[in-house]
Amino acid sequence: MDILYKGVAFNGKISVTVIEATQMVNEAIKIHNLSPLAAAALGRTLIASTFMASTLKSEGDRLSVTLNGNGVGGHIVVAGDSNLNMRGYIDNPQCELPLNSKGKLDVAGCVGQGRLTVVKSMGLKDPYTGSCNIESGEIAEDFAAYYTFSEQQPTGMALGVKIGTDLNCVGAGGVIFQTLPDADDDSIEKAEQLLYSLTDISSIIQNEGAKTFVERAFDDYTFETFKPRYNCICSNEYISGMLITLGAKELYDTVEKQGKIEVHCHFCNKDYVYYKEDIDSLILNSINKKG
Ligand SMILES: [Zn+2]
């Protein structure tokens with residue numbers, strides 16, 4: 001069962017988030033038929049974005065994260081909400097590269113260099129947009145840099161996705177530390193030491209799970225738990241609502257030209273097809289709604 005632990009530790013000076021997301025990554029693998037490399041890259045982005053979604057304050061707040069890199073994977077897009085419903089896709093789900101010099105999946109080569117962009121929609125305010133350069137492409141460092149430079153929030157992050165021989169994910173998760181305003185050097189140093197020891201967080205998740213890790217690693221903790229999951233929000237209603245904003249003329253023009261309107265959801269690979277009679281009822285419904 002995927003789970004997110006959130007609390008403070010290190011004398012109450014450092015905020016700590018521990019995420020177990022093996023199921024979420026397996027859901028992404030199933031939906032997108034991901035290669036191990038694509039699964040690692042999209043999986044790490046899903047985990048980092050799950051952390052980001054867990055910092056959204058209000059019900060209904062949403063975010064989207066785009067990794068616009070020049071690696072073999074192409075763009076990676078992840079979206080989520082304050083209830084930790086997460087979804088994502090990668091342009092080239094079948095991408096492959098030789099293992100890197102450490103014998104690990106070459107996530108940096110999959111992502112490449114470019115720009116990381118975050119858009120947060122919170123209530124009625126204009127969406128908040130922040131971005132930073134993708135320097136490492138290993139994703140954890142890039143999200144940490146995003147927080148440090150774009151949101152002025154010093155952040156340490158370890159992420160890991162381990163793929164088994166059957167191409168399924170056997171362990172995926174992350175540990176994220178953020179300093180609280182009154183953090184002292186001693187607490188920061190202890191947090192850094194723990195973070196440096198987490199070079200293989202996916203094996204920790206695989207072997208002991210987030211719960212045991214949290215209990216073992218933090219002696220002075222208070223944690224809340226949340227349940228993240230892979231869940232696409234698309235539906236007939238959602239897609240219809242999107243189409244109707246294009247206006248009747250545009251919709252009828254397209255149906256006349258192509259015989260139908262097809263909408264593909266990149267996040268769950270579902271196709272929605274609308275024929276002329278569907279557009280008729282769509283338009284009629286929207287007129288009735290307006291009264
Ligand atoms: Zn969908």
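Predicted model: local features only at pLDDT ≥ 70, side-chain atom pairs only at ≥ 80, totals over all residues.
**Helix H5 and the zinc site**

The residues of H5 that are buried are Ser187, Ala191, Leu194 and Leu195. These residues cover an arc of only 100° around the axis, and they therefore lie on the same side of H5. In an α-helix, residues three or four places apart point the same way, because there are 3.6 residues a turn. The face of H5 turned away from the buried side carries Asp185, Gln193 and Tyr196, which are exposed.

The N-terminal end of H5 is capped by Asp184, a side-chain oxygen of which lies 3.2 Å from the backbone nitrogen of Asp186.

A zinc ion is also present in the model, coordinated at 2.2 to 2.3 Å by the SG atoms of Cys232, Cys234, Cys265 and Cys268. The angles among the 4 donor atoms are 98 to 117°, and the site is tetrahedral. For four tetrahedral donors the ideal angle at a metal is 109.5 degrees. The donor residues follow the sequence spacing C-x1-C-x30-C-x2-C. Cys234 lies in the loop between strand S11 (229–230) and helix H8 (236–244), and Cys265 in the loop between strand S12 (261–264) and strand S13 (271–274); the pair therefore ties together parts that are 31 residues apart in sequence. Cys234 and Cys265 are both buried.

Terms used. Residues numbered from 1 in each chain as written. Heavy atoms only, no water. Buried < 20%, exposed > 50% of the residue type's maximum accessible area, 1.4 Å probe, protein only. Helix = DSSP H or I, 4+ residues; strand = E, 2+ residues; numbered from the N terminus. Arc of directions from axis to C-beta. Polar contact = N/O pair within 3.5 Å; in protein donor to acceptor, adjacent residues only side chain to side chain. Donors = N, O, S within 2.8 Å, 3.2 Å for Na, K, Ca; no water. Tetrahedral: all angles 85-135°; square planar, octahedral: opposite > 155°, others 65-115°.
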